[in-house]
Each structure stands twice: as structure tokens, then as C-alpha cells.
Amino acid sequence: MMLTETGSPMPDVADLFRRLTAGVYVVGVADGERRNAFTAAWLTQVSFEPLLLALSVNPGHASYPLLVGGGGFTVSVLSRDQLHLARHFGTRSARETDKLAGIAWRPGRSGAPILTQAVAFLECRITQRVRAGDHEIVLASPVAGEVLLPDAIPLTYADTGELDGSRELYPASL
Ligand SMILES: Cc1cc2nc3c(=O)[nH]c(=O)nc-3n(C[C@H](O)[C@H](O)[C@H](O)COP(=O)(O)O)c2cc1C
């Protein structure tokens with residue numbers, strides 16, 4: 001058994017990383033009339049002045065060319081009772097199905113979709129893109145946003161359990 005510096009057993013890496021708390025969002029993208037959305041947990045505020053968010057995105061996603069082409073994205077914050085939306089947008093690609101069909105959404109200023117049942121939303125313009133291993137970090141300035149459901153409790157990544165199927169992507173140990 002591998003031990004940490006303090007002599008306790010080395011934790012499972014996936015279990016360890018699941019304790020880095022994160023929210024769960026539906027990121028909307030649009031390039032002209034082409035629109036899509038995907039679930040993202042790797043999104044966080046990274047600066048006050050200027051106000052900046054960072055989103056880590058897999059360049060292999062169908063959403064990626066729309067994100068880059070459109071130059072921005074929307075963020076719809078999911079609530080604790082919207083795990084089904086995290087699953088809907090996060091476990092299938094637009095290459096397989098039109099994920100926006102049958103979902104209540106409206107276009108933001110850029111045309112990117114905002115879920116009308118979201119706890120809150122933000123609209124962001126991309127300021128910088130940086131390669132980060134197998135993902136790309138997209139820095140963005142918020143240009144609009146609103147709290148839609150002030151009393152709703154946001155969904156956390158830990159609440160999604162094994163939904164993203166990422167366990168096998170972690171190394172066995174650090
Ligand atoms: C809970 C959860 C969190 C996710 N977080 C991210 C993320 O932060 N960045 C990312 O690129 N993909 C993330 N994904 C994976 C994408 O949502 C998923 O691959 C999606 O099917 C991509 O859709 P698209 O090909 O239509 O763009 C997450 C999936 C789930 C279920």
C-alpha cells in the first residue's frame with residue numbers, strides 16, 4: 001500500500017479530486033445560427049480586477065469550434081434538483097443528438113443559449129485561451145448576468161457522483 005508523508009494510506013486520486021468543490025454549469029455556445037451547450041464543472045472566478053472567469057474545455061467537444069468561432073459563452077448555473085440537466089448536456093455530444101431540442105432556453109446577446117430554469121446565468125466574452133494538458137483554459141470577461149432563482153441551492157460536482165465517467169482518467173496514485 002502506498003503511504004502519504006504522514007504515514008496514512010494514499011487516497012484514491014479520483015476520490016481526492018472530487019473533494020475540490022466545484023459547481024455544475026451548462027455552458028452555452030453559438031457561432032451564427034449554430035448553437036450547442038455542454039455541462040462543465042471546471043469553471044471558476046479567477047480575478048476581481050478585471051473580473052475574469054476561467055473555463056477548462058476539452059477541444060474535442062462538438063461545442064469547441066462554436067466556442068472559439070463565437071468568441072464567447074453563456075453559463076447557466078444548475079440547482080440541486082437539476083441533475084437531469086447535467087446528465088442531458090454532459091453525457092451526450094451534439095454529434096449524436098440536438099441537445100437543445102425540447103429544453104427551455106433563450107438566446108443571450110451573442111445568441112448562445114441560456115437555460116430559462118437556471119439558478120443564475122452569466123454571459124462572457126473570451127479574452128484569452130491557454131493550452132492546459134488535454135484541455136484548454138478559456139479566460140473570459142462577464143458582460144451580463146442575472147440571478148433567476150435567489151433561493152435555489154446550486155448543484156455541486158460532488159452531487160453528480162460518477163456521472164462524467166472520469167474515474168478511469170485519473171492516475172492510480174500521485
Ligand atoms: C458533471 C460533468 C462535468 C463536466 N465538466 C466538464 C468540463 O468542465 N469541461 C469539459 O470540457 N467537459 C466537461 N464535461 C464533459 C462534457 O459535458 C461532455 O463531454 C459533453 O458531452 C460535450 O458535449 P459536446 O460534444 O456536445 O460539446 C463534464 C461532464 C459532466 C457530466
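1. Strand 3 (43-47) and strand 5 (72-77) each contribute at least two residues to the lining of the second largest pocket. Strands (E, at least two residues) and helices (H or I, at least four) are DSSP runs, numbered from the N terminus. The largest share of this lining, 3 residues, belongs to strand 3.

2. The model is a predicted one, in which local features need pLDDT of at least 70 and side-chain atom pairs count only at pLDDT 80 or more, while totals for chains, interfaces and linings use all residues. Numbering runs from 1 along each chain as its sequence is written, and side-chain values use heavy atoms, with hydrogens and water left out.

3. The second largest pocket holds about 170 Å³ of space. A pocket here is an open set of points on a 1 Å grid over the protein atoms alone, where a 1.4 Å probe fits, with protein on both sides within 12 Å along at least five of seven lines; lining residues have an atom within 4 Å of a point. Points are joined across faces, edges and corners, and the volume is the space filled by probe spheres set on them. Among the residues lining this pocket are Tyr-25, Leu-51, Leu-122 and Pro-142. The lining divides into 8 nonpolar, 2 polar and no charged residues, where Ala, Val, Leu, Ile, Met, Phe, Trp, Tyr, Cys and Pro count as nonpolar, Asp, Glu, Lys and Arg as charged, and the others, Gly among them, as polar.

4. About 1200 Å³ of space lies in the largest pocket. It is lined by 38 residues, of which Trp-42, His-61, His-135, Asp-164 and Ser-166 are the closest to its centre. Strand 2 (34-40), helix 3 (83-90) and strand 9 (135-147) each supply at least two lining residues, and strand 2 has the largest share, with 4. By class, the lining comprises 19 nonpolar, 14 polar and 5 charged residues.

5. The ligand sits in the largest pocket, in the sense that more than half of its atoms lie within 2 Å of the pocket's grid points. Strand 2, strand 4 (52-57) and helix 3 are the elements giving two or more residues to the shell around the ligand; strand 2 gives the most, with 4 residues. Of the 22 residues around the ligand, Thr-39, Ser-63, Ser-93, Ala-94 and Lys-99 come nearest, a residue being counted if one of its heavy atoms lies within 4 Å. The shell divides into 9 nonpolar, 10 polar and 3 charged residues.

6. Which backbone atoms lie 2.8 Å and 2.9 Å from an oxygen atom of the ligand? They are a backbone N or O atom of Asn-58, at 2.8 Å, and one of Ala-62, at 2.9 Å. A polar backbone atom of Ala-41 is 3.0 Å from a nitrogen atom of the ligand. The protein buries 91% of the 640 Å² that the ligand exposes when taken alone, with areas from the Shrake-Rupley method and a 1.4 Å probe.

7. The peptide bond from Glu-49 to Pro-50 is cis, with omega near 5 degrees. Most peptide bonds are trans. Pro-50 is found in the loop between strand 3 and strand 4.

How values were computed: A polar contact is a pair of N or O atoms within 3.5 Å; within protein, one must be able to donate a hydrogen and the other to accept it, and residues adjacent in sequence count only if both atoms are side-chain atoms.
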